[in-house]
Amino acid sequence: MPRVRSLLRLLAALAACGAVAFLGYCVYFDWKRRGDPAFKRRLRDKRRAQQQKTEGQGAQLWDPATNEKLQELFLQEVLMGELWLSRGEHRMGVEHLSSALLLCRQPRELLKVFKHTLPPKVFEMLLHKIPLICQQLEADMNEQEYLEDDPD
């Protein structure tokens, strides 16, 4: 029994020494790295490149002209959906509302609004339509990629 305890104490001491040595190495390596003038220059260049990349993407995503057109199309689809629903044409109304859902920037919020404003039967029809919308969007995107990649 005393041999097992002494062996466990030895292993614990070795583990503690190893942990201290590892932490010491990490601190030393970090100190050397931060003291290197080339490190600071590389870090600054990397941050600038990342910032320019982010600004470039932002310009592509938020084109005001495209944004306005999408917003108009979204409102048109919502209005058409409401019109068809008011006429009793649930299927056509759900078709337009699902298109509006596809164009919306915050579809979860729009679904919450639809849940509180639409009749339960219509809302269920809309929920069943969502997977079909996703499949259609994916197919359209794949077709567009294929057309862009096609050299003809």
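The legends below describe close-up views of a predicted model. Residues are numbered from 1 along each chain as its sequence is written, and side-chain values use heavy atoms, with hydrogens and water left out. Because the model is predicted, local features need pLDDT of at least 70 and side-chain atom pairs count only at pLDDT 80 or more, whereas totals for chains, interfaces and linings use all residues.

View 1. Helices (H or I, at least four residues) and strands (E, at least two) are DSSP runs, numbered from the N terminus, and the elements follow the order α-α-α-α-α-α. Of the 152 residues, 14% are buried, where buried means under 20% relative accessible area, exposed over 50% and partly exposed in between (1.4 Å probe, protein chains only).

**View 2. Helix α4 spans residues 90-103.** Its 14 residues reach 20 Å from the first C-alpha to the last, close to the 20 Å expected at 1.5 Å a residue, the expected span being 1.5 Å times one less than the number of residues. The buried residues of α4 are G93, V94, H96, L97, S98, A100 and L101.

**View 3. S98 has its place in helix α4.** With a relative accessible area of 3%, S98 is buried. Leaving aside neighbours within four places in sequence, S98 is in contact (heavy atoms within 4.5 Å) with L126, K129 and I133.

**View 4. Helix α5 (residues 107-117) has buried residues L110, L111 and F114.** Seen down the axis of α5, these buried residues fall within an arc of 105 degrees, so they line one face of the helix; the arc is that of the directions from the helix axis to the C-beta atoms. On the other side of α5, R108, K115 and H116 are exposed.

**View 5. The second largest pocket is lined by L101, L102, P107, L111, I130, I133, C134 and L137.** On a 1 Å grid over the protein atoms alone, a pocket is an open set of points where a 1.4 Å probe fits, with protein on both sides within 12 Å along at least five of seven lines, and lining residues have an atom within 4 Å of a point. The volume of this pocket is about 150 Å³, a volume being the space filled by probe spheres set on the points. Helices α4, α5 and α6 (120-149) each supply at least two residues of the lining, and α6 gives the most, with 4 residues.
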